[in-house]
Amino acid sequence: MRRITLSTNDPLDIPRLRGEIPPEGVTIEFPPSRAFKAWFPEDVAQFFLVIDAGVAAALIAQYIMRHLKESESTTITIESKEVSLEEGEIVRVLHEVITVEKKQ
């Protein structure tokens, strides 16, 4: 099981994800304060994905893209890596993050 931190600069992304059923093997968690001011002037929406072993990165990326297609954000941060809000890029970074966890 792996817990991955994600964030965007559109606080409305939280309601877009809240209440939606994630893929099997994935749990989405929201911190108590769902949107907060960062060191920068833009708002940040942060959430976590808890991923069971064996869940495909492509499946997770499809879920993210389906729910954030209306987002004002053009990027998403996954484990401190800024990624274009494009399915292929999200798959690539998720795959790296999940693979690193398996090697440990």
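Accessible areas here come from the Shrake-Rupley method with a 1.4 Å probe. On that basis, the chain in this predicted model has an accessible surface of about 6,200 Å², and carbon and sulfur atoms contribute 52% of that area.

Let me turn to the overall architecture. Three helices and six strands make up the secondary structure of the chain, and their order along the sequence is β-α-β-β-β-α-β-β-α. Of the 104 residues, 39% are buried. Among contacts with a separation of 6 or more, 63% link residues 24 or more positions apart.

The buried residues of α2 are A57, I60, A61, Y63, I64, H67 and L68. These residues cover an arc of only 160 degrees around the axis, and therefore lie on the same side of α2.

Finally, a word on confidence. The mean pLDDT of the chain is 82, with 85% of the residues scoring at least 70. Confidence is highest in strand β6, residues 81–84, at a mean of 93, and lowest in strand β3, residues 35–37, at 47. Across residues 34–41 the pLDDT is below 50, and this stretch has twelve contacts in the model beyond near neighbours in sequence. Where pLDDT is low, predicted coordinates should not be read in detail.

How values were computed
Residues are numbered from 1 along each chain as its sequence is written. This is a predicted model: local features need pLDDT of at least 70, side-chain atom pairs count only at pLDDT 80 or more; totals for chains, interfaces and linings use all residues. Side-chain values use heavy atoms; hydrogens and water are left out. Helices (H or I, at least four residues) and strands (E, at least two) are DSSP runs, numbered from the N terminus. Buried means under 20% relative accessible area, exposed over 50%, partly exposed in between (1.4 Å probe, protein chains only). Contact means heavy atoms within 4.5 Å. The arc is that of the directions from the helix axis to the C-beta atoms. pLDDT is the predictor's confidence in each residue, from 0 to 100.
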